[in-house]
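Take a moment with the sequence and the fold before reading on.

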Amino acid sequence: MAIWAGCDLNMNDSKCGVEAVIRPMNIGDIDCVLGIELQAFTSPWKAETFLSLLDRDGAELWVTEHPEAGVIAYGILWCLLDQGELANMAVAPEFLGQGVAAQLLDHILGVACSRGVKSIYLEVRASNDRAVELYRGFGFQEISRREGYYDLPREDARIMRIEL
């Protein structure tokens, strides 16, 4: 069982390697988030989905904001009692490989710890090696697969978990 070592993080003013700030998502971010979503996923969420989550209990919606480019990444964590699900996370293509996803994931894991979450689950495309490598680097372990989970193209999902 992997355990994430960051539960004692000071989460104030989280910054990433590209001079951006991580902050809660708000209604004004939805258009930018949708732009990233459409580039990142073949079956993207709709604006209504994000809007419905903004004030929902147990939903943590975070964005990474660059001072010039605006919102460049987002992540969504669902928390229920002591379990969480990393429901969605994406980075704008032009900022991939610059540490943005790692900083955002680190922040989200810290938020989960502060909410008393003990374990987080996620699904990721079996072929998404970049994301799998990121998650493994934080201590997520593959615990199962869901055959044919994704469409366009049809693909298995790796189910991963981390214990906080």
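Helix H1 has buried residues, and their cover includes helix H2 (47-53), strand E3 (59-66), E4 and E5. This is a predicted model.

Which residues of H1 are buried? In this helix, which spans residues 30-40, they are Ile30, Val33, Leu34, Ile36 and Glu37. Viewed down the axis of H1, these buried residues fall within an arc of 165°, so they line one face of the helix. An α-helix has 3.6 residues a turn, so residues three or four places apart point the same way. Now turn to the other side of H1. There, Asp31, Leu38 and Gln39 are exposed.

Next, the nonpolar core. The largest one has 48 residues. Leu105, Ile120, Tyr135 and Phe140 have the most contacts inside it. Which helix gives the largest share of this core? It is helix H3, residues 100-114, with 8 residues.

Tyr135 deserves a look of its own. Leaving aside residues up to four places away in sequence, Tyr135 touches Leu86, Met89, Leu105, Leu122, Val124, Phe140 and Met160.

Now the loops. Find the one between strand E4 (70-80) and strand E5 (83-91), where Leu81 lies. Phi of Leu81 is near 55°, a positive value in a residue other than glycine. Is Leu81 buried or exposed? Leu81 is exposed, with a relative accessible area of 75%.

Move on to the loop between strand E7 (141-150) and strand E8 (155-163), the place of Pro153. Leu152 sits in the loop between E7 and E8 too. The peptide bond from Leu152 to Pro153 is cis, and its omega is near 0°. Leu152 is not a glycine, yet its phi is positive, at about 55°. The relative accessible area of Leu152 is 58%, and the residue is therefore exposed.

Last, the cysteines. How many disulfides does the structure hold? The count is 0. In general, a disulfide is a covalent bond between the sulfur atoms of two cysteines. Cys32 is partly exposed, at a relative accessible area of 39%. Cys79 has 13% relative accessibility, so it counts as buried.

Notes:
Residues numbered from 1 in each chain as written. Predicted model: local features only at pLDDT ≥ 70, side-chain atom pairs only at ≥ 80, totals over all residues. Heavy atoms only, no water. Helix = DSSP H or I, 4+ residues; strand = E, 2+ residues; numbered from the N terminus. Buried < 20%, exposed > 50% of the residue type's maximum accessible area, 1.4 Å probe, protein only. Arc of directions from axis to C-beta. Contact = heavy atoms within 4.5 Å. Disulfide = S-S within 2.5 Å. Core = buried A, V, L, I, M, F, W, Y, C linked by side-chain atoms within 4.5 Å.
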